[in-house]
Amino acid sequence: MSIKNLHDKPFDESTIAKLEIFEDYAQAWIPTFVMQGVSTICIFDFFAGTGYDKNGIAGSPIRILQKIKEQVIPIFQRKVRIRVYLNEFDKKKFELLKQACSDFLEENDHVGRAVEIEYSNEDFENLFPKLLPVIKEFPSLVYLDQNGIRFLSEKYLLELERTRQTDFLYFASSSYLWRLGEGKEFKAHLDIDMSEVKKEPYKFVHRSVIKQLKKKLPDQTEIKLYPFSIKKGANIYGIIFGASHPRAVEKFLSVAWKRNETNGEANFDIDDDDLKTQQSLFGDQPLTKIEAFQKSVKEKVLSGEISNNLQAFEYALNEGHLGKHAAEVLKEMKKNEEITFNGTSPLVTYDQVYKIKRKINYTIL
Ligand SMILES: C[S@@+](CC[C@H](N)C(=O)[O-])C[C@H]1O[C@@H](n2cnc3c(N)ncnc32)[C@H](O)[C@@H]1O
């Protein structure tokens, strides 16, 4: 399999989409711990590249530093140390990476006072076990922007699963799996049931990867995995987000739904929702992703399976939806006198459920 050298050319649209999701998540993640005044937080970019593409567009490491720069005042005020671990295996790229970051810090010396950067020029396979104790010790955000898919193997995924305060974002070339997943060489790294994957249309390959990875996690795992599929020509790539804390999950889903308000999970119309919307104009009414979710919320409320805002919020996150999607249908049900609850809002938000801990019940009328 030939792996192309990404930085020999400009980032394409799909790479930029990936990088924007990475940086949007960093933007949401950093203040969570800064506001708590946690003493040290860590960001790991294990496949950091050169810093910029051929046209000077920032790659992941520079975007991380930019996000720290945006929040540097509260970082100083709360005396939070941010350790940034940047790794790049290719020696030439590694030198460019160090140069790009030191130029950035020279121009932004206040950022330099807020972060400690640790550079390494190692194979991920060797570096990961060395840094794992640090990932385990501090709240950590881990980027694994690999070429291909092999580092999704259980060897790494299960280690990440065992950490308690880690959010991770993998990048995976899911199309490789479709083409090569049956091969011995591939299976040695990542053994996935290809007959299951191939039962679904090709466009769902990234979603299928996640379904299969979930089966590899321990039964009682608290880690939740979410896909964001990225189409580029005929190929499907994607992000795999993993975290155990509902606050982290809610933040990632907000980033994903902001990117695509129709499905929150792809840079294209993965479930043909546009077509469904057009068909519903002619009375056939196939349900869009949000409508189907809202119908299921309504059924669960009427059957008593969901009877309060905690259950509604948890159900929304488990299904890859935002609390507001559930809230919309709950409000409508109240208006239609199918249920009642105190106040005007069904309170299906992270803050209400976990921070303020305000519980409200939905009573069937
Ligand atoms: C998809 S690119 C990362 C791009 C980067 N995140 C950016 O925004 O520019 C993957 C990078 O990982 C490097 N790489 C490939 N195999 C590696 C390995 N085993 N360990 C560490 N880095 C590796 C490649 O040289 C390449 O620069």
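The model is predicted, so please take what follows as a description of a prediction.

Let me stay with Lys232, and with its partner. Lys232 forms a salt bridge with Asp12, and the closest N and O atoms are 2.8 Å apart. Where in the chain do Lys232 and Asp12 sit? Lys232 is in strand β6, residues 224-232, while Asp12 belongs to the segment before α1, which spans 13-36. The two are 220 residues apart, so the pair links distant parts of the chain. Asp12 counts as partly exposed because its relative accessibility is 24%.

In general terms, side chains of opposite charge can pair when their charged atoms come close. Two more pairs are on my list.

Lys67 and Glu70 form a salt bridge with the closest N and O atoms 3.0 Å apart. Both are in helix α2, residues 60-70, and because they are three residues apart there, about one helical turn separates them. Is Lys67 buried or exposed? Lys67 is buried, with a relative accessible area of 7%. Glu70 is partly exposed, at 48%.

The other pair is Lys199 with Glu196, whose side chains meet in a salt bridge at 2.7 Å, N to O. Lys199 counts as exposed, at 61% relative accessibility, and Glu196 counts as partly exposed, at 30%. There is also a network: Arg207, Glu265, Asp271 and Lys289 are joined by salt bridges that share partners.

Next, the domains. The protein chain is divided into domain 1, residues 6-259, and domain 2, residues 273-364. Their centres, taken over C-alpha atoms, are separated by 31 Å. On the domain 1 side, Pro246, Glu250 and Trp257 lose the most area to domain 2, together 55% of what that side buries.

How much area do the two domains bury between them? About 910 Å², with 75% of it on carbon and sulfur atoms. In terms of contacts, 10 residues of domain 1 touch 11 residues of domain 2. How many salt bridges run between domain 1 and domain 2? The count is zero.

Now helix α6, residues 124-137. The helix has 14 residues and reaches 19 Å from its first C-alpha to its last, close to the expected 20 Å. At Leu131 there is a kink of about 45°, shortly before the proline Pro133. Which residues of α6 are buried? They are Phe124, Leu127, Phe128, Leu131, Leu132, Val134 and Ile135. Leu131, then, is both the site of the kink and one of the buried residues. The cover over the buried residues of α6 includes the strands β1 (40-45), β2 (81-87), β3 (115-120), β4 (140-144) and β5 (166-172), along with helix α7 (154-162).

Trp29 counts as buried because its relative accessibility is 1%. Leaving aside neighbours within four places in sequence, Trp29 is in contact with Ile41, Cys42, Ile43, Pro139, Ser140, Leu141 and Asp167. As for Asn126, it lies 97 residues from Trp29 in sequence and 27 Å away in space, C-alpha to C-alpha.

Last, two backbone angles. Most residues other than glycine have a negative phi. Leu347 has a positive phi, near 55°, and is found in the loop between β8 (339-340) and α17 (350-355). Lys357 has a positive phi too, of about 55°, although it is not a glycine. The loop holding Lys357 lies between α17 and β9 (363-364).

Which of these is buried, and which is exposed? Leu347 is buried, because its relative accessible area is 7%, under the 20% cut-off. Lys357 is exposed, because its relative accessible area is 62%, over the 50% cut-off.

That is the end of my list.

Definitions and conventions. Residues are numbered from 1 along each chain as its sequence is written. This is a predicted model: local features need pLDDT of at least 70, side-chain atom pairs count only at pLDDT 80 or more; totals for chains, interfaces and linings use all residues. Side-chain values use heavy atoms; hydrogens and water are left out. Helices (H or I, at least four residues) and strands (E, at least two) are DSSP runs, numbered from the N terminus. The expected span of a helix is 1.5 Å times one less than its number of residues. The bend at a residue is the angle between axes fitted to the seven residues ending there and the seven starting there. Buried means under 20% relative accessible area, exposed over 50%, partly exposed in between (1.4 Å probe, protein chains only). Contact means heavy atoms within 4.5 Å. Domain bounds come from an automatic or database domain assignment. Buried area is the accessible area (1.4 Å probe) that two parts lose on being put together, summed over both. A salt bridge is a side-chain nitrogen of Lys or Arg within 4 Å of a carboxyl oxygen of Asp or Glu.
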